[in-house]
Amino acid sequence: AAMADTKVVKAVRIHETGGPEVLKWEDVEVGEPKEGEVRVKNKAIGVNFIDVYFRTGLYKTDLPFIPGMEAVGVVTAVGPGLTGRKVGDVVAYCGNPLGSYSEEQILPARVVLPVPPSIDFKVVASVMLKGMTAHVLLRRCFKVEPGHTILVHAAAGGVGSLLCQWANALGATVIGTVSNEEKAAQAEKNGCHHVVIYTKEDFVDVVNNVTSRKGVNVVYDSVGKDTFQGSLQCLALRGYMVSFGQSSGRPDPIPITDLVPKSLFLCRPSLMHYIESRDELLESAGEVLSLVSSGVLKVRVNHVYPLSEAARAHADLEARKTSGSIVLIPDS
Ligand code: NDP
């Protein structure tokens with residue numbers, strides 16, 4: 001039975017790692033926020049590929065756990081002594097801790113962000129993690145400048161869509177890869193100047209043709225195993241290989257000497273390390289939301305599922321059936 005100071009809500013919980021079927025729709029208890037915490041009733045929850053990594057066990061956390069790293073919701077309680085947040089505030093959250101696949105959750109106030117009411121809450125719920133990732137990739141790991149040519153894999157995906165739109169706005173020539181015609185049309189809408197259907201064409205050949213064999217300044221590779229080697233081949237002298245995901249599996253290890261022939265740079269960023277401080281978080285989130293407001297970033301929420309059907313969302317994401325952003329909506 002629930003304690004006096006806890007309430008029972010519905011959430012998606014994982015007791016053992018595995019396929020989408022391990023996402024269980026359950027009653028969970030949510031307590032009162034302690035010092036430095038708030039309780040948030042979620043209105044929309046963003047789905048990210050990282051949620052899949054935690055579900056399969058590729059990324060580790062203690063069991064059982066509620067997955068999910070971003071959401072938008074309404075504050076329903078604030079911890080003792082907390083200022084700057086009040087019941088009724090609409091807020092967004094992105095990053096650690098896990099737990100957004102829930103009707104209601106406790107969060108440290110330091111990860112909670114104010115949300116402009118002018119932006120649709122489904123858009124906000126699915127642009128924080130993906131948008132801040134794009135910010136890290138384009139502005140912080142490597143700085144894309146006008147005149148650069150860049151290669152973005154999964155250019156119709158959640159992060160990929162934002163990367164292409166943003167890079168185009170920065171003045172880069174954008175080459176995007178996708179798996180089918182429908183996604184190719186979306187990648188073009190995302191501002192790709194050249195689109196490669198990498199399930200049919202060799203993307204290395206296309207990059208060679210487009211760049212007159214010079215290669216690209218940077219590759220943003222989230223696909224991992226299937227693309228990593230080809231991505232290295234696409235780089236120009238002193239090019240940057242930014243490996244930031246493994247949707248197809250972890251890339252095989254390479255010897256450092258593989259970087260020598262073109263004096264390449266290799267980095268493997270994780271968003272969380274760029275938004276650990278409150279200042280960096282606010283700067284990154286502010287940049288993303290202002291680009292959404294001004295229309296530079298168009299967030300396509302192409303898939304909306306009830307929270308209780310998170311397993312279907314995961315299955316579709318892993319089967320490469322989705323494009324743009326995916327959002328879960330709690331019933332209550
Ligand atoms: P996406 O919407 O991009 O979905 C993944 C896409 O990857 C698919 O739609 C598919 O596009 C492509 N893909 C290629 N091969 C496979 C495969 N074997 N299985 C599944 N998908 C495949 O997801 P997100 O926008 O949520 O995330 C994109 C990537 O960015 C992920 O790898 C994620 O881990 C990474 N990421 C990393 C962060 C970091 O901090 N380092 C932060 C956020 C995201 P197509 O059909 O066109 O091939």
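Ser212 is found in the loop between α6 (203-210) and β11 (216-221). In this predicted model, Ser212 has a positive phi of about 50 degrees, although it is not a glycine. Seen from its surroundings, Ser212 has 7 C-beta neighbours inside 10 Å, and because a residue with 12 or fewer is called exposed, Ser212 counts as exposed. Arg213 lies in the loop between α6 and β11 as well. Phi of Arg213 is near 65 degrees, again a positive value in a residue other than glycine. Arg213 has 9 C-beta neighbours inside 10 Å and therefore counts as exposed.

Taken along the principal axes, the C-alpha atoms fill a box of roughly 70 × 40 × 35 Å. Of the 332 residues in the chain, 45% are buried. Among contacts with a separation of 6 or more, 65% are between residues 24 or more positions apart.

The chain is divided by the domain assignment into domain 1 (7-126 + 299-329) and domain 2 (130-272). The C-alpha centres of domain 1 and domain 2 lie 28 Å apart. Where the domains touch, eleven residues from domain 1 and twelve residues from domain 2 take part in the contact. On the side of domain 1 that touches domain 2, there are two nonpolar, seven polar and two charged residues.

What lies between the domains? The shell around the ligand receives residues from both domain 1 (7-126 + 299-329) and domain 2 (130-272), so the ligand lies between them. There are 30 residues around the ligand, and Gly157, Gly158, Ser179, Ser222 and Gly245 come nearest. By class, the shell divides into twelve nonpolar, 13 polar and five charged residues. Several helices contribute to the shell: α1 (49-56), α3 (128-141), α4 (158-169) and α9 (310-318) each supply at least two of its residues.

The core draws at least three residues from each of domain 1 (7-126 + 299-329) and domain 2 (130-272). Which residues does Leu163 contact, leaving aside its neighbours within four places in sequence? They are Ala134, Leu137, Leu138, Val152 and Tyr220.

The bond from Leu63 to Pro64 is cis, with omega near -10 degrees, and Pro64 lies in the loop between α1 and β4. The bond from Asn96 to Pro97 is also cis, with omega near 0 degrees. Pro97 is placed in the loop between β5 and β6 (104-108).

Another loop, between β4 (70-78) and β5 (90-94), holds Gly88. Is Gly88 buried or exposed? It has 8 other C-beta atoms within 10 Å, so Gly88 is exposed. Not counting residues up to four places away in sequence, Gly88 touches Val74 and Val75. Gly88 and Asp221 are 133 residues apart along the chain, and their C-alpha atoms are separated by 40 Å.

The last stop is Phe265, in strand β13 (residues 265-267). Phe265 has 15 other C-beta atoms within 10 Å, so this residue is partly exposed. Apart from its neighbours within four places in sequence, Phe265 is in contact with Tyr240 and Met241. Phe265 and Phe203 are 62 residues apart in sequence, and in space they are 20 Å apart, C-alpha to C-alpha.

Notes:
Residues are numbered from 1 along each chain as its sequence is written. This is a predicted model: local features need pLDDT of at least 70, side-chain atom pairs count only at pLDDT 80 or more; totals for chains, interfaces and linings use all residues. A residue is near a molecule or strand if its C-beta atom, placed from the backbone, lies within 6 Å of it. Helices (H or I, at least four residues) and strands (E, at least two) are DSSP runs, numbered from the N terminus. Ala, Val, Leu, Ile, Met, Phe, Trp, Tyr, Cys and Pro count as nonpolar, Asp, Glu, Lys and Arg as charged, and the others, Gly among them, as polar. Domain bounds come from an automatic or database domain assignment. A residue is buried if 20 or more other C-beta atoms lie within 10 Å of its own, exposed if 12 or fewer, and partly exposed in between; C-beta atoms are placed from the backbone. Two residues are in contact if their C-beta atoms, placed from the backbone, lie within 7 Å.
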